[in-house]
Amino acid sequence: MATPPRPGETGTRHLDTGQLDSGQLDSGQLDSGQLDSGQLDSGQFDTVLVVDFGAQYAQLIARRIREAHVYSEIVPFSMPVEEMLERRPKGIVLSGGPKSVYAERAPRPDPALFGTGVPVLGICYGAQLLAMELGGEVARTGGGEYGRTPLSILAPSRLTAGWSERSEVWMSHGDSIVAAPPGFTVTASTQGAPVAGLEDAARGLFGVQFHPEVAHTLRGQDLVKRFLYDACGCRPTWTHTSVIEAAVAAVRRQVGDGRVLCALSGGVDSAVAAALVRKAVGEQLTCVFVDTGLMRAGEAAQVEQTFRRQFGIDLVHVEAADRFFSALEGVLDPELKRKRIGELFIRLFEEVASGLSGVTHLAQGTLYPDVIESGTGDAATIKSHHNVGGLPEEMDLDLVEPLRLLFKDEVRAVGEELGLPEEIVWRQPFPGPGLAVRIVGEVTRERVDILRTADAIVLDEVRRAGLDRELWQAFAVLPAVRSVGVMGDERTYAYPIVVRAVTSEDAMTADWARLPYDLLERLSARIIGEVPGVNRVAYDVTSKPPGTIEWE
């Protein structure tokens, strides 16, 4: 192994992982289930809980609250009221949901929620639950409402103060509230919803049948702010500066005099995590870039250039392609891929740490959407992110996760505040497992080489078209199947490439991008003409949901 640097020494050291003896590791010091370590301390911010009933828009509600500079957190509807109150919420929002309140096994909160004295706002399904639990009536009127809908204001309301008598809101419901509970005022209605707004301001209970979190509700964000500021008394302290200060303080408390390794991929998440940790502990930080052999074209060189030469960060470059390809040999299941990759990442970091003096912590760029999609409590596991659900059960290093409570747009804003260059902050997201989860089937060197070349063409053409800042992601996917084609008057039997491009605000939902036909034509021509082993190009026109952004 390369000699560790002296304190204050910077530079890049290349490690051949064949020289590292994993048998010397003493595992078992930390259970990876203990994932609260090192994260931003939300307790110093006013908090609003978003109770999720399986809504398409639960994450959007949480983001709208944060855009109003109030910290929000998504919790499952099954969480006991006592546990919610332990988080000292200033307000609680009940999300929408796909079920009817009368459906068998419809999700319901504990009715005690409405008697805690904490202000509650029910949205759509959440409003129907509030009405039904407190003595109102919900019915299927036979005329659901979907999309833009005219709204009539019937009575003064804390939440719609200043609205004109007629407005436009976004609806998506089958059932309707037809009678408000005793003590409630009906504040708004639509043609299909007699009770589109209701409130008992004295008790701090509010409900709206429409979706204020959706941009098509003209004054929806004003309503959210009125609930937060007027009804809940929240302070707008969730700002980029305050987040940085709180994260730096949390990292210092956790790390103390220890040394920190930071898993650095070159993407925005790990880069911002590294910048935050460096701000907190300075030369106690060593960054580790693991070259998995599954990276994008030119990735390793860019990481070297940016972090070693531009920022002078102590960087260890681990060459580990052979070990990753070996770990993935014969693996077809995408969940197993992620878990194999996640465990190998951790073992490599532990091996690097064993050659450095005093390393006690591992920093990584885990985000809030990673945690949600990996499954929390009653939430479904969409896919195990390699840095959350893909972590091994036993680890030598204590995790430092300063971004764990942040959405992607918040991470970018923090990165800009920290002074990171635009090309890092606005780089398109890239999955931690790399190209392995963009190959549907077994991962082989041949397939990675094909996909890497095709992916570079996609990124190049998107940049040439001036669309790189308009798209959330654009990339290539290689399904491990072959199809018949004709090239040069000869039969071919080669791989297809699927081009995927989406627009999104936070990756929790996404829409497929309407790329110009001439751009799609250039992509097809270049990929087929320049990438050996490919004879067909397709374009993915699936949104999220029902699909995910990545294919695996």
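The secondary structure of the protein comprises 14 helices and 23 strands, where helices (H or I, at least four residues) and strands (E, at least two) are DSSP runs numbered from the N terminus. The model is predicted: local features need pLDDT of at least 70 and side-chain atom pairs count only at pLDDT 80 or more, while totals for chains, interfaces and linings use all residues. Residues are numbered from 1 along each chain as its sequence is written, and side-chain values use heavy atoms, with hydrogens and water left out.

**Exercise 1.** Determine how helix α6 is oriented relative to helix α11.

*Solution.* Step 1: α6 (residues 268–281) and α11 (residues 408–417) pack at about 50 degrees, with axes 10 Å apart. Axes are lines fitted to C-alpha atoms, for helices over the stretch in contact, and angles run from 0 to 180 degrees between N-to-C directions.

Step 2: Angles under 35 degrees count as roughly parallel, over 145 as roughly antiparallel, 65 to 115 as roughly perpendicular and the rest as oblique. Therefore α6 and α11 are oblique to each other.

Step 3: Contact (heavy atoms within 4.5 Å) involves V268, D269, V272 and L276 of α6 with K408, V411, R412, V414 and G415 of α11.

**Exercise 2.** State which residues join helix α8 to helix α9 in their contact.

*Solution.* Step 1: α8 (residues 321–328) and α9 (residues 334–354) pack at about 145 degrees, and their axes are 10 Å apart.

Step 2: From α8, the contact uses R323, F324, A327 and L328; from α9, K337, R340, I341, L344, F345, L348 and E351.

**Exercise 3.** Find what percentage of the residues in the protein is buried.

*Solution.* Buried means under 20% relative accessible area (1.4 Å probe, protein chains only). Of the 552 residues, 57% are buried.

Note on methods: Buried < 20%, exposed > 50% of the residue type's maximum accessible area, 1.4 Å probe, protein only.
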